Amino acid sequence: MISRLIFLTLLTFLATPFAASAQTPEARTKWPVKDGVYIIQNFRFGTGESLPELKLHYLTLGEPHRDAAGHTDNAVLLLHGTGGSAHSLLNPAFSEVLFGPGQPLDITKFYVILPDDIGHGESSKPSDGLRMHFPQYDYDDMVASQHSMLLDGLHVDHLRLILGTSMGCMQSFVWGETYPEFSDALAPFACLPVELAGRNRVWRYMAMQMIRNDPAWQNGDYATEPVEGLRGANDLIVIAGSAPLQMQKNLPTRALAETYAERTLDAAIAHTDANDFLYYVNASRNYNPEPKLATITAPVLWINSADDFINPPELGIAEKMVERMPHAKFILIPISDATRGHGTHTQAAVWKSYLIDFLQETEKK
């Protein structure tokens with residue numbers, strides 16, 4: 001097994017949408033984070049299943065502020081990607097560009113909330129013991145649980161901003177439709193607000209099938225992880241989340257490319273539970289905000305990058321969908337030495353200026 005330092009370096013370079021760090025020890029951070037846990041009693045999922053207790057873990061930075069009417073007016077909800085956790089967005093490429101003094105989400109001014117979604121990090125997930133008997137959650141369940149955590153756990157009744165990356169991007173659109181007046185603004189980065197079909201669903205389905213078809217998986221009741229299935233699944237994730245320009249630049253020889261592949265896959269397998277993987281990849285199965293996009297009344301800053309394999313710009317979907325929302329702006333970041341494929345969503349320096357302008361435009365006078 002490679003060292004944790006090498007593992008985190010590989011994750012930063014790869015910038016995959018599915019951060020294997022969901023299963024790693026907590027990353028060290030210079031930020032004064034506060035840990036919290038909120039328990040939702042008898043949480044009912046969209047499938048009709050329920051849990052007696054649903055645990056949601058979260059981190060916070062800064063302190064809440066309330067306006068004259070007693071409503072929170074400085075809370076920012078940051079939503080991580082598939083397989084990630086609250087700690088994923090403490091990545092220096094994200095946090096050090098956004099959270100410091102005078103920066104867009106300066107934690108001396110904003111109350112930043114970073115939840116571990118259902119199935120991720122320290123929140124309730126299949127690997128806690130239920131395995132494949134864990135309720136089949138989806139993005140609607142994630143958003144509903146976040147809403148409950150904010151209102152009843154943190155007593156936050158309004159958000160200044162929801163900023164979501166990858167899976168969090170998709171949840172941002174769900175938030176905008178489900179709770180249209182809860183947030184002043186939405187910033188979905190690296191996704192499309194349509195059903196996951198075509199190549200996007202194909203590679204996800206193939207990744208899940210690789211685990212299910214591994215005899216060692218045993219319908220989720222394995223004694224040891226189904227390594228071959230996990231390796232095949234993570235093969236696809238490496239490609240889906242990759243940035244071709246950076247790979248060619250940093251892995252210019254066959255030897256370097258193959259060494260990188262082996263180290264990256266070994267690290268991912270060591271920190272991934274197969275059942276957790278199946279659940280969080282499949283959580284997107286019924287995502288489709290397209291029919292109700294017109295109900296998103298909050299201002300939207302939607303950013304994708306041109307080298308995103310998962311959300312390829314040649315589909316032309318974004319240009320059509322942005323017109324469905326009354327106050328939305330779509331920005332496609334061109335490929336450059338600064339972009340990282342799908343992982344550009346956490347390279348905050350690339351899109352920081354757009355966020356600054358957006359916060360100014362949506363600030364209440």
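# Briefing: contacts, helix packing and salt bridges

Thr60 touches Pro32, Val33, Lys34, Tyr111, Val112, Ile113 and Leu154, leaving aside residues up to four places away in sequence. The model is predicted. Salt bridges in it come to nine. The points below cover two buried residues, a pair of crossing helices, a nonpolar surface patch and several charged pairs.

- Thr60 sits in strand E2, which spans residues 50–61.
- Its relative accessible area is 6%, so Thr60 is buried. The cut-off for buried is under 20%.
- Among the residues that Thr60 touches is Lys34.

- Ala298 is placed in a loop. That loop runs between helix H9 (274–282) and strand E7 (300–305).
- Ala298 has 8% relative accessibility, so it counts as buried.
- Leaving aside residues up to four places away in sequence, Ala298 touches Pro180, Ser183, Asp184, Ala185, Leu186 and His327.
- One of these contacts is Leu186. Ala298 and Leu186 are 112 residues apart along the chain, yet their C-alpha atoms are separated by 6.8 Å.

**Helices H3 and H4**

- Two packed helices are described by the angle between their axes and the distance between the axes.
- Helix H3 covers residues 139–153 and helix H4 covers residues 167–178. Their axes come within 10 Å and cross at roughly 70°.
- H3 is therefore roughly perpendicular to H4. Angles of 65 to 115 degrees fall in that class.
- On the H3 side, the meeting residues are Tyr139, Asp140, Met142, Val143, Gln146, His147 and Leu150.
- On the H4 side, they are Met167, Met170, Gln171, Val174 and Trp175.

**A nonpolar surface patch**

- Tyr205 belongs to helix H5, residues 198–212.
- Tyr205 has 41% relative accessibility, so it counts as partly exposed.

- Side chains of opposite charge can pair when their charged atoms come close.
- Glu63 lies in the loop between E2 and strand E3 (75–79), while Lys34 lies in strand E1 (residues 34–44), so the pair ties together parts that are 29 residues apart in sequence.
- Glu63 is partly exposed, at a relative accessible area of 48%. Lys34 also counts as partly exposed, at 44% relative accessibility.

- Arg231 and Glu262 meet through their side chains in a salt bridge, at 3.6 Å from N to O.
- Arg231 lies in helix H6 (residues 227–240) and Glu262 in helix H8 (residues 254–270), so this pair ties together parts that are 31 residues apart in sequence.
- Glu262 counts as partly exposed, with 44% relative accessibility.
- Arg231 and Glu262 are also linked with Asp266 in a network of salt bridges.
- Another salt bridge joins Glu258 and Arg254, whose closest N and O atoms are 3.3 Å apart.
- Glu258 and Arg254 both lie in helix H8. They are four residues apart, about one turn of the helix.
- Glu258 is partly exposed, with a relative accessible area of 43%. Arg254 counts as exposed, at 63% relative accessibility.

Technical notes
Residues are numbered from 1 along each chain as its sequence is written. This is a predicted model: local features need pLDDT of at least 70, side-chain atom pairs count only at pLDDT 80 or more; totals for chains, interfaces and linings use all residues. Side-chain values use heavy atoms; hydrogens and water are left out. Buried means under 20% relative accessible area, exposed over 50%, partly exposed in between (1.4 Å probe, protein chains only). Contact means heavy atoms within 4.5 Å. Patches are made of residues with over 30% relative accessible area and no salt bridge: like charges are joined within 9 Å, nonpolar side chains (Val, Leu, Ile, Met, Phe, Trp, Tyr) within 5 Å. Accessible areas come from the Shrake-Rupley method with a 1.4 Å probe; for residues, only the protein chains shown count as cover. A salt bridge is a side-chain nitrogen of Lys or Arg within 4 Å of a carboxyl oxygen of Asp or Glu. Axes are lines fitted to C-alpha atoms, for helices over the stretch in contact, and angles run from 0 to 180 degrees between N-to-C directions. Angles under 35 degrees count as roughly parallel, over 145 as roughly antiparallel, 65 to 115 as roughly perpendicular and the rest as oblique.
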